Amino acid sequence: MTETLTQSAVPAGPRARWTYLDKILSRPGPFTDPDAFVPGTIESVERAKILVIGAGGLGCEILKNLALSGFKDIHVIDMDTIDVSNLNRQFLFRAADVGSYKAEVAARFVEKRVKGVKITPYCGKIQDKDEEYYMQFAMIVCGLDSIEARRWINATLVGMVDGENPDSLKPLIDGGTEGFKGQARVILPTMTSCIECQLDMHAPRAAVPLCTLATIPRQPQHCIEWAHIIAWEEHRKDITLDTDDPEHITWLYTQALARAQEFNIPGVTYAMTQGVVKNIIPAIASTNAIVAAACCNEAFKLSSNANPFLGYPGTPNYMMYTGDESVYTYTFEHQKKDDCPVCGADTVARPIEIPANATLRDFVDLLAERPEAQLKKPSIRTGEKSLYIQSLADLERQTRGNLDKEMSDLVEEGEEMVVTDKAFPTQFKYKAVFSK
Amino acid sequence: MADLPPPVQGPTAKEKKYDRQLRLWGAHGQIALENAHILLVISGPGVVGVETLKNLVLPGIGNFTIQDSTVVSEADLGVNFFLEEEHLGGYRAEHTCNLLKELNPDVNGNFITEPIDTWLSNPDALAPYTLILATAPIKSEYLSKLSVHANTALIPLFYVHSIGFYSHFSVHLPPAFPVVDSHPSPESITDLRLLKPWPELIEYATQKTMNLEGMSADDHGHVPFVAILLYHLEQWKKEHNGQVPQNYKDKTAFRDIVSKAARANNPEGGEENFDEAVAAVLKSLNPPEPSSTVKDIFKAPESLLIRQDSPSFWVIANAIGLFYTKYGVLPVPGSVPDMKARSADYIELQNVYKSKARKDLAEVLDSVRFLERNANRSTTIKEKDVETFCKNAAHIKLVRGRPFPVVPTEGEVKWGDRAKAMAQKLTFPDDLVPLYIAFLAWDKFVATHDQDALLGAPKVPGASESDIESDTEKVKGMALHIATQLTKEASISLDDEDSSALGQQLEEFSGELVRAGGAELHNISAVTGGTVSQEIIKVITEQYVPVDNTCIFDGVKSKMAVFRV
Ligand SMILES: [Zn+2]
């Protein structure tokens, strides 16, 4: 039997398992920086404590990739539990794991498969943790589907940077996917363009105006949104809508279908109802694999200096990927914005254009829609007064009256407004520019 | 109990599990995946192949088979996620196959541990597979054999390298690989035919714009923009000898007219429907001329001559070609974007487009049936397929698959009709063609260094510390030689500056490849396994547009490039 077997020559010893990795770590290449790369040292990777945010489609891939890149001390945060629709791509989970915490199951699985790696899970929100917690990591790799969570960790990491202490600068490597598209980016907080600087590259979907839903629906999605926003409120106000409850989705579907029939609109289906009310983004294993591994490749290069990494100041920091029509990447340097509310100079307020006759309520809606703002629950103050405060119920009642006032009656042209939103540990400064 | 509403058909267990992907390729794409059987041929670390399979097992590929006669070593455990300590000394194909199968109970996995030389000498060895994936290093005689099989059996063949920070794949598709369901971006599919309206559409516009000036504010603000544009086009034609706006200047002038027709004396200070009309002018006022790629399909020899055994794609292409010859346009696709309008007006407009689309479809279908009878075809093409084709006619794609170069043990790489295009790319500053040349040189090294004591395991450059320098020199020399032969075959000569820049690139790329000593980095194999699996899904489902035919990933600079070899 043995004569049919072939086996590559492998040195014995404790590093035998890392034969391949050590080839790269022990030899300089034509692009390695001789000042930064020390051939033969594996400690820089093994000792780097690294945090993974998200244990979903990207997170599963990231944990596997980091463990097989020689990282030994990995932490992972995720608040979600496993759903059956995760199983087509989140490969660390099995049907029997449905309902368990993702971070917990993912960590145990990778620990079992890759001997010698320690993975510490935390099943909860990133907002539960403070600066001291984030300070312990060498870098952070993010695989999230929520823009809000990304903005939160970004603002937190920017806020942690202390010029006196080089260890306070935590590189942030962020991946995101949607269908066949995705991106990988590296951020050196305060030094290079941050998530907030790049916010307008990820514009939110335009919302359908309420009056269209209420009076002139034309698309099946309009009928579903009507059922979701208006009919539920009318008929089942006392029941909290749970988009994971099949009975609730079925009710919305039946309502939407009836409304569609009334207006002769074809095309309402159960799957579409689910897609609209849960805001489902198509997701597949292959795109997750590409984006997660691109992120981990940067994490490995950052730790080992085995080759130059994305995000070094003055060089490309962003790789955009599209795979539906052939394969296309665009790797470029996204420039830091001087008026970035998170990493820009403190004193700079961003000009924001407001229609002259807009009310404060219109302005609040505008803050949610504008790609560079995307603030869903803003509280707005000027140097003089509080225009609208949502963070406390009492203050909300007191300031609610302002909502119907015109902006030009509340602020002067060019006057600075400070906007806060509970979702973000930072303030956003704007100055009003009235358009005619 | 009589008042219970009719039961709602909720999703099946399978629809739940595959929900996020069915939203991309639909139930028919899923069926195609389930009918596929993929063969993976491995001899080196092979992680790039295993990662590819992982991304195919998860979405539910029907069958896969791994051919690999290697036994599990310690080194495998540091790079392959689908092996465990207890598998040391066992067959890699067997254990990897079993761990992959755990990912999805719906998938059948098989393995072959017989060495490739004896296994491949069986004439029926490749018969069961609908797609083959081979990873480097592989002896050129075996890769050639796979290539010949892909040619005769008309099945896709992928060849993949993942070496250190670099990777490459090439795909050999059948000579005619059509894609009907190309999923163009929603912005690019609107075809409103505003410059070639048919009577019912004109009638609709006339009706909706009757007494436009005298309309109440609410009515005026709800006239669909399609009607607004058609109305103003009629006015324009009256003042321009019956001509529609011809050029950019005309169109901007026309746009100003439409813009001025909006009412601003309302509480909103403008009208959304007019904003939509203004925004649509430059996009929609173009003659509905099909692209040259589509017209080329009508002129393809397979379309011009329909035989008894012609694939249905060509029969439909011929029928739509006839339609185009007769009317100078493609069948109306029939979809209408959302726009500010009252429900009933919008639905009515939708029906105007839909019934025109049905009429065009009926005419194409008649031609299809005529062609079928004439060619004496035994099976009838489904009406649904003709309908899909009509809907997507402006965006159908045809990939002319071709074999990729296999580096021969002796003699030169042959480029044929691609020589000129490839040689020209050698001097583009940021192109990755030189890296592709370096991969070919790597293959040449493997092809000429396969004799070692361990029963034909291929020797890869940089495997042992002591040979790094000499191997780098060799690979660089081979790369320079291949590049020189390419320029010769293309009858192109590089000036000194280009030559020395190319020489430096080849030296750097060869150096980085040899540095790896045949090692796969898990990250690079995972990126590449992601890309290759995505391409395999496109090819199997015949949806989206596949890479034609070579893709390179540079993990040092974090970018990809696609070109045709
Ligand atoms: Zn910033």
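Me: What distance separates the centres of domain 2 of chain A and domain 3 of chain A?
Reply: Happy to start there, with a predicted model in which local features need pLDDT of at least 70, side-chain atom pairs count only at pLDDT 80 or more, and totals for chains, interfaces and linings use all residues. Residues are numbered from 1 along each chain as its sequence is written, chains are lettered from A and ligands numbered from 1 in the order written, and side-chain values use heavy atoms, leaving out hydrogens and water. Domain 2 of chain A covers 210–277 and domain 3 covers 350–435, with bounds from an automatic or database domain assignment. Taken over C-alpha atoms, their centres lie apart by 31 Å.

Me: Which geometry does the site of the zinc ion have?
Reply: Donors are N, O and S atoms within 2.8 Å of the metal (3.2 Å for Na, K and Ca), and water is not among the atoms, so sites may look incomplete. Here the SG atoms of A:C194, A:C197, A:C340 and A:C343 coordinate the zinc ion at 2.2 to 2.3 Å. Four donors count as tetrahedral if all angles lie between 85 and 135 degrees. The angles among the 4 donor atoms are 99 to 120 degrees, and the site is tetrahedral.

Me: Is A:C194 buried or exposed?
Reply: Buried means under 20% relative accessible area, exposed over 50%, and partly exposed in between (1.4 Å probe, protein chains only). The relative accessible area of A:C194 is 0%, so this residue is buried.

Me: How many salt bridges are counted between chain A and chain B?
Reply: A salt bridge puts a side-chain nitrogen of Lys or Arg within 4 Å of a carboxyl oxygen of Asp or Glu. One of them joins the side chains of A:E61 and B:K54 at 2.6 Å, N to O. Between chain A and chain B, the count is 9.

Me: How many residues does the contact take from chain B?
Reply: Contact means heavy atoms within 4.5 Å. Chain A brings 93 residues to it, and from chain B come 98.

Terms used
Four donors count as tetrahedral if all angles lie between 85 and 135 degrees; four count as square planar and six as octahedral if opposite donors are over 155 degrees apart and all others between 65 and 115; anything else is irregular.
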